[in-house]
Amino acid sequence: FDYHSERLTEIKVSQLKQSLTAEFTSIFQLALGLLLSSENPALLRETLHSLSCFLTWIPEGFIFDTALIEVLGTKYLPQPQYRLLVLQCLTEIAHMDSYLGVKYSQQFQRLFVGV
């Protein structure tokens, strides 16, 4: 899914996102479950890395209507071994403000104030 936006039409991107939404619930639940309960550093790093790669494709409800941002900001950002990966994730999320700002303005405020 790591395509350049110039290579995909807006319609194709929308179709791919809709397809991912239909199948993404179980993937997201696994990732968030690992972030909430795992104590394995290697597994947590890979989960954060995978999350950072897929954030542009994850339906916004999974990002803003769950505890994901809070978990990233409070549990993993303070830990040096995860900080770079968390900052990559939070940067991707913050970039979404340019096209989701009004809909999720309160969540963006919490993101910017919390970090």
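The legends below describe a predicted model.

**Figure 1. The protein chain is built from seven helices and zero strands.**
Followed along the sequence, the pattern is α-α-α-α-α-α-α. Of the 115 residues in the protein chain, 37% count as buried. Among contacts with a separation of 6 or more, 64% join residues 24 or more positions apart. The accessible surface comes to about 7300 Å², and carbon and sulfur atoms hold 56% of it.

**Figure 2. Helix H1 has a kink centred on Phe 24.**
Helix H1 covers residues 10-37, and its kink is about 60°. Phe 24 is also one of the buried residues of this helix. An α-helix has 3.6 residues a turn, so residues three or four places apart point the same way. The cover over the buried residues of H1 includes helix H2 (41-54), helix H3 (60-64) and helix H4 (68-76).

**Figure 3. The largest nonpolar core contains 31 residues.**
The members that touch the most other members are Leu 35, Ile 63, Leu 72 and Ile 93. Two or more residues of this core come from each of H1, H2, H3, H4, helix H5 (80-95) and helix H7 (105-114). Apart from neighbours within four places in sequence, Leu 35 is in contact with Leu 44, Thr 47, Leu 48, Leu 51, Leu 68, Val 71, Leu 72, Lys 75 and Tyr 76.

**Figure 4. Lys 75 in helix H4 has a polar side-chain atom 3.1 Å from the backbone oxygen of Leu 35.**
Lys 75 is partly exposed, with a relative accessible area of 32%. With neighbours up to four places away in sequence left aside, the contacts of Lys 75 are Leu 35, Leu 36, Ser 37 and Glu 70. Val 86 is 11 residues from Lys 75 along the chain, and the C-alpha atoms of the two are separated by 10.0 Å.

**Figure 5. Ser 38 sits in the loop between H1 and H2.**
Ser 38 is buried, because its relative accessible area of 13% is under 20%. The side chain of Ser 38 reaches the backbone nitrogen of Asn 40 at a distance of 3.1 Å. Residues up to four places away in sequence are not counted in the next list. Ser 38 touches Gly 33, Leu 43, Leu 44 and Tyr 76. Two of these residues, Leu 44 and Tyr 76, are also in contact with Leu 35.

**Figure 6. Ser 52 of helix H2 is in contact with Gln 88, Cys 89 and Glu 92.**
That list leaves aside neighbours of Ser 52 within four places in sequence. Ser 52 is buried, with a relative accessible area of 14%. The side chain of Ser 52 reaches the backbone oxygen of His 49 at 2.7 Å. Gln 88 lies in helix H5. At 36% relative accessibility, Gln 88 is partly exposed. Leu 51 and Gln 88 are 37 residues apart in sequence, while their C-alpha atoms are 9.4 Å apart in space.

Cys 53 takes part in no disulfide, and the nearest cysteine sulfur, which belongs to Cys 89, is 8.7 Å away. Cys 89 is likewise in no disulfide, and the nearest cysteine sulfur to it is that of Cys 53. Why does the pair of Cys 53 and Cys 89 not count as a disulfide? A disulfide needs two cysteine sulfur atoms within 2.5 Å, and the sulfur of Cys 89 is 8.7 Å away from that of Cys 53.

Terms used
Residues are numbered from 1 along each chain as its sequence is written. This is a predicted model: local features need pLDDT of at least 70, side-chain atom pairs count only at pLDDT 80 or more; totals for chains, interfaces and linings use all residues. Side-chain values use heavy atoms; hydrogens and water are left out. The bend at a residue is the angle between axes fitted to the seven residues ending there and the seven starting there. Helices (H or I, at least four residues) and strands (E, at least two) are DSSP runs, numbered from the N terminus. Buried means under 20% relative accessible area, exposed over 50%, partly exposed in between (1.4 Å probe, protein chains only). Contact means heavy atoms within 4.5 Å. A nonpolar core is a set of buried Ala, Val, Leu, Ile, Met, Phe, Trp, Tyr and Cys residues joined through side-chain atoms within 4.5 Å. A polar contact is a pair of N or O atoms within 3.5 Å; within protein, one must be able to donate a hydrogen and the other to accept it, and residues adjacent in sequence count only if both atoms are side-chain atoms. Accessible areas come from the Shrake-Rupley method with a 1.4 Å probe; for residues, only the protein chains shown count as cover.
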